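Visitor: Could you take me through a structure, please? I would like to ask questions as we go.

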Amino acid sequence: QVQLVESGGGLVQPGGSLRLSCTASGIIFSRYSMGWYRQAPGKQRELVAIVTTGGDTNYVDAVKGRFTISRDNAKNTVNLQMNSLKPEDTAVYYCNAVRSAYDKYWGQGTQVTVSS
């Protein structure tokens, strides 16, 4: 049984930081590209950041320079360090593991709220 369990969400003031973590079980973690997506109310889910099996990273323009994705294959964990948070970063953040179009998994999501 595959599980992706996110943690680290919460309420933070604008300009603050949060660190999201996602721990995977039931998959050979090192064989999957890992990503973070987010979905704000009334909007479609969008890719925020991805780290490939080789360690290459890519970010949506809105978070470049503020967010950092990293993976620890020994711990089956992917992290998203979020700095200089803005109200528009408010969303439910989802962890994603993908190996192919037919081999992908989602976490349950964690709420991030940026508000004063």
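Predicted model: local features only at pLDDT ≥ 70, side-chain atom pairs only at ≥ 80, totals over all residues.

Visitor: Where is R99 placed?

Guide: R99 is in strand β9.

Visitor: And how many residues apart along the chain are R99 and Y32?

Guide: They are 67 residues apart along the chain, while their C-alpha atoms are separated by 4.9 Å.

Visitor: Let us change topic. Which residues touch the most other members of the largest nonpolar core?

Guide: That core has 29 residues, and M34, W36, V78, L80, M82 and Y93 touch the most other members. At least two residues of this core come from each of β3 (18-25), β4 (33-39), β5 (46-51), β7 (67-72), β8 (77-82), β9 (91-100) and β11 (110-114).

Visitor: What does L80 touch?

Guide: Leaving aside residues up to four places away in sequence, L80 touches L18, R19, L20, W36, V48, A49, F67, T68, I69 and Y93.

Visitor: Now T110, please. Is T110 buried or exposed?

Guide: T110 is buried, because its relative accessible area is 12% and buried means under 20%. This residue lies in strand β11.

Visitor: What does the side chain of T110 reach?

Guide: The side chain of T110 reaches the backbone nitrogen of G9 at 3.4 Å. Not counting residues up to four places away in sequence, T110 touches G9 along with E6, L20, A91, V92 and Y93.

Notes. Residues numbered from 1 in each chain as written. Heavy atoms only, no water. Core = buried A, V, L, I, M, F, W, Y, C linked by side-chain atoms within 4.5 Å. Buried < 20%, exposed > 50% of the residue type's maximum accessible area, 1.4 Å probe, protein only. Helix = DSSP H or I, 4+ residues; strand = E, 2+ residues; numbered from the N terminus. Contact = heavy atoms within 4.5 Å. Polar contact = N/O pair within 3.5 Å; in protein donor to acceptor, adjacent residues only side chain to side chain.
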